[in-house]
Amino acid sequence: MEKKKSKYHKGDLVKVLHTSLRYFANRLALVLERVHTVPGIKKEDQMGFERSGDYYLIKLAGSDDTHVFHEDDIQMASKVPINNEVS
């Protein structure tokens, strides 16, 4: 079975979108790692806020704070070379 390619990689600079928690909106952050992947699931089978896709641990710029975001809640600002693939 082929390993799914990650949308974001360790060291990528991302922007937290306004669709996420208001406190984090428009903040810049570095991707630390992909921490969880939810396989394709039907909306009616989802629990709580769980969504299909990858979840990433990010470190907010200008602080030591980290947080986990769904791939749809962050946007690429600057990409690092692919050899830093997050597993």
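A salt bridge here is a side-chain nitrogen of Lys or Arg within 4 Å of a carboxyl oxygen of Asp or Glu. Keep that cut-off handy for the exercises below, and remember that the model is predicted.

**Exercise 1. Find out what Glu 71 does with its charge: where does it lie, and which atom does its side chain reach?**

Step 1: Glu 71 sits in the loop between E4 and strand E5 (74–78).

Step 2: look for a partner of opposite charge. Glu 71 is buried, and the nearest side chain of opposite charge belongs to Lys 7, 4.2 Å away. The cut-off for a salt bridge is within 4 Å, and Glu 71 has no salt bridge.

Step 3: look at the backbone instead. The Glu 71 side chain reaches the backbone nitrogen of Asp 54 at 2.8 Å.

Step 4: follow Asp 54. Its own side chain meets that of Arg 34 in a salt bridge, 3.5 Å from N to O. Asp 54 belongs to strand E3 and Arg 34 to strand E2, so this pair ties together parts 20 residues apart in sequence. Asp 54 is buried, at 0% relative accessible area, and Arg 34 also counts as buried, at 11%.

**Exercise 2. Work out the strand order of the sheet, and say which strands stand at the edges.**

Step 1: take E3 (residues 53–60) and list its pairings. With strand E2 (residues 28–38) it pairs in the antiparallel sense over eight bridges. With strand E4 (residues 66–70) it pairs over five bridges, again antiparallel.

Step 2: check some residue partners. Ala 29 stands opposite Leu 60 in E3, while Tyr 55 has His 70 in E4 as its bridge partner.

Step 3: go on from E2. E1 and E2 pair in the antiparallel sense over three bridges, and Lys 15 has Leu 28 in E2 as its bridge partner.

Step 4: The five strands form an open sheet, E4-E3-E2-E1-E5, with antiparallel pairing. From one strand to the next, the twist averages 45°.

Step 5: In E3, seven of the eight residues are buried. The hairpin of E3 and E4 has five residues between the strands, and Gly 62 takes a positive phi near 80° there.

**Exercise 3. Take the aromatic pairs: which rings meet edge-to-face, and which parts of the chain do they link?**

Step 1: count. The structure holds three aromatic pairs.

Step 2: Tyr 8 comes from the segment before strand E1 (13–16) and Tyr 56 from strand E3, 48 residues apart. Both Tyr 8 and Tyr 56 are buried.

Step 3: move to Phe 24 and Phe 69. This pair is edge-to-face too, at 5.3 Å centre to centre and 90° between the planes. Phe 24 lies in the loop between E1 and E2 and Phe 69 in strand E4, 45 residues apart. Phe 24 is buried at 9% relative accessible area, and Phe 69 is buried at 2%.

Step 4: widen the view. Ring pairs link Tyr 23, Phe 24 and Phe 69 into a cluster.

**Exercise 4. Sort the salt bridges by the burial of their partners: which residues are buried, partly exposed or exposed?**

Step 1: count. There are three salt bridges, and the Asp 54–Arg 34 one was handled in the first exercise.

Step 2: take Lys 79 and Asp 12, whose side chains meet at 3.5 Å, N to O. Lys 79 is in the segment after E5 and Asp 12 in the segment before E1, 67 residues apart. Lys 79 counts as partly exposed at 45% relative accessibility, whereas Asp 12 is buried at 0%.

Step 3: finish with Asp 64 and Lys 59, which meet at 3.8 Å, N to O. Asp 64 is exposed at 69% relative accessibility, and Lys 59 is partly exposed at 30%.

Notes: Residues are numbered from 1 along each chain as its sequence is written. This is a predicted model: local features need pLDDT of at least 70, side-chain atom pairs count only at pLDDT 80 or more; totals for chains, interfaces and linings use all residues. Side-chain values use heavy atoms; hydrogens and water are left out. Buried means under 20% relative accessible area, exposed over 50%, partly exposed in between (1.4 Å probe, protein chains only). Helices (H or I, at least four residues) and strands (E, at least two) are DSSP runs, numbered from the N terminus. Two strands pair if DSSP finds at least two bridges between them. Lys and Arg count as positive and Asp and Glu as negative; His and the chain ends are not counted. A polar contact is a pair of N or O atoms within 3.5 Å; within protein, one must be able to donate a hydrogen and the other to accept it, and residues adjacent in sequence count only if both atoms are side-chain atoms. Rings of Phe, Tyr and Trp (its six-membered ring) pair if their centres lie within 6.5 Å; planes under 30 degrees apart count as stacked, over 60 as edge-to-face and the rest as tilted. Axes are lines fitted to C-alpha atoms, for helices over the stretch in contact, and angles run from 0 to 180 degrees between N-to-C directions.
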